Amino acid sequence: MENNRNFVDRFDWKLAVILLLFLIVSLLAISSAQTTGQYAGTNFVIRQLINYVIVAVIITFVMYFEPDQYKKMAWYLYGFGILLLFLLFIIPVGDFAIERNGAKSWFATPIGNIQPSEFMKTFYILATAFLISKHHEKHAIKSIKSDFILLGKIALTLIVPLAFILIQPDLGSALVFFAITAALIIVAGISWRIIVPVFATGVVVGGTLLWMALYMQDFLEEKLGLNPYQFARIYSWLDPYSYSSGSGYHLITSLNAIGSGEIFGKGYMDREVYVAENHTDFIFTVIGEEWGFIGASFVICLYFLLIYHLTKITLTLKDPFCTYVCAGIIAMITFHVFENIGMTIQLLPITGIPLPFLSYGGSSLMGNALAIGLVFSMKYHYRTYMFSTNDDED
């Protein structure tokens, strides 16, 4: 009986080894980054190690519960996440709510600053996965009408957390929610006759706004109330050297750091280019400069291995709810990696999105641990019920 298989057989050791490799790379990169003058006297390595201990605790705790229990908790967790975002919205900036770079996105707690949006991503995935699976149970025979209904349900589930996150404002997290939603819409099996026009409309609207930002700034400032500094991010992305003393400085230093690493890098702790926040959102610049193209490629391959392994797990799962959850988690991690690395090499605009499992930061690590813990749980408990009938599972 599969039920009698022990922990060693059921635990996903490959995924655990991948996370261990991320831990090693993270500690090496952060130990070098913290030698920069602005971080003198602060040991981020020890803090990151403590964060990873918390990650292990979170994964162990989350893995304990079975997928059926997460189905029952999905909307409660979603509501809890909305409550946290609401509290962050109404609490004035002070000892409990923290504002950085114009965004009020963190709670100050005894264990460190917590960013609710990092956890809301996983709560949103759970709720939307449950919504999609229940919708398909109710509408066994698909139609254009049922697909439109499902699309409307997903939109309503998205709009509440998205509104609170945009109010902060946190554009980076908002983009992650869009990426998760796009992936779930695709795997939900909604007709391409609906998906193509919806996605095409999104592309047209995004392209139009970019064009207006470049050529109709006065109109956007007057009619939509946008601030000039928001346009500066786009200008400095497209032409950073024209804004080298201001908004383009960060991107220029990032490009210089990664480019100067060349093929083999300068060596561990032999950096020469100063990059602000290189232990958090710009940790990839440390890897690129010190370990060069070879080291950067190794990190990218490590992410590819993670995503490939998660995809393999997703394809083995028989429960639609578990499949949708894993698909959402894959989309979340993939977008984080693509956006973070892309912004350091000028492929994408700079946003406050950390590099998963490598950047220093408790909230990001804990949020990703919550998501990965769900994958561990589904793989672990899937083996338990692999040979059971549908009646047994019910």
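Reader: So what joins β2 to β3, and through how many residues?

Author: A hairpin does, and two residues make the link. Keep in mind that this is a predicted model. The two strands run antiparallel, with three bridges between β2 and β3 (residues 112–114).

Reader: Which residue stands opposite Gly112 there?

Author: That's Thr109.

Reader: And how many bridges pair β1 with β2?

Author: Four, again in the antiparallel sense, with β1 covering residues 97–100.

Reader: Is β2 mostly covered or mostly open?

Author: Mostly covered: of the seven residues in the strand (103–109), six are buried.

Reader: OK, charges now. How many salt bridges does the structure hold?

Author: Eight. Among them is Asp12 with Lys379, where the closest N and O atoms are 3.7 Å apart. That pair links distant parts of the chain, 367 residues apart: Asp12 is in the loop between α1 and α2, while Lys379 sits in helix α14 (residues 362–384).

Reader: Why do Asp12 and Lys379 count as buried?

Author: Buried means under 20% relative accessible area. Asp12 is at 4%, so it falls under that cut-off. Lys379 is at 15%, so it counts as buried too.

Reader: What else does Asp12 do at the start of α2?

Author: A side-chain oxygen of Asp12 comes to within 3.4 Å of the backbone nitrogen of Lys14. The helix itself, residues 13–33, spans 30 Å from first C-alpha to last, close to the 30 Å expected for its 21 residues.

Reader: Which salt bridge partner does Glu118 have?

Author: Lys121, with 3.2 Å between the closest N and O atoms. Both lie in helix α5 (residues 116–138), three residues apart, or about one turn. In an α-helix there are 3.6 residues a turn, so residues three or four places apart point the same way. Glu118 is buried at 4% relative accessibility, and Lys121 is buried at 1%.

Reader: And Glu272, is that one buried or exposed?

Author: Exposed, at 67% relative accessible area. Glu272 forms a salt bridge with Lys266, at 3.5 Å between the closest N and O atoms, and Lys266 is partly exposed at 22%.

Terms used
Residues numbered from 1 in each chain as written. Predicted model: local features only at pLDDT ≥ 70, side-chain atom pairs only at ≥ 80, totals over all residues. Heavy atoms only, no water. Expected span 1.5 Å × (residues − 1). Polar contact = N/O pair within 3.5 Å; in protein donor to acceptor, adjacent residues only side chain to side chain. Buried < 20%, exposed > 50% of the residue type's maximum accessible area, 1.4 Å probe, protein only. Pairing = 2+ DSSP bridges. Salt bridge = Lys/Arg side-chain N within 4 Å of Asp/Glu carboxyl O.
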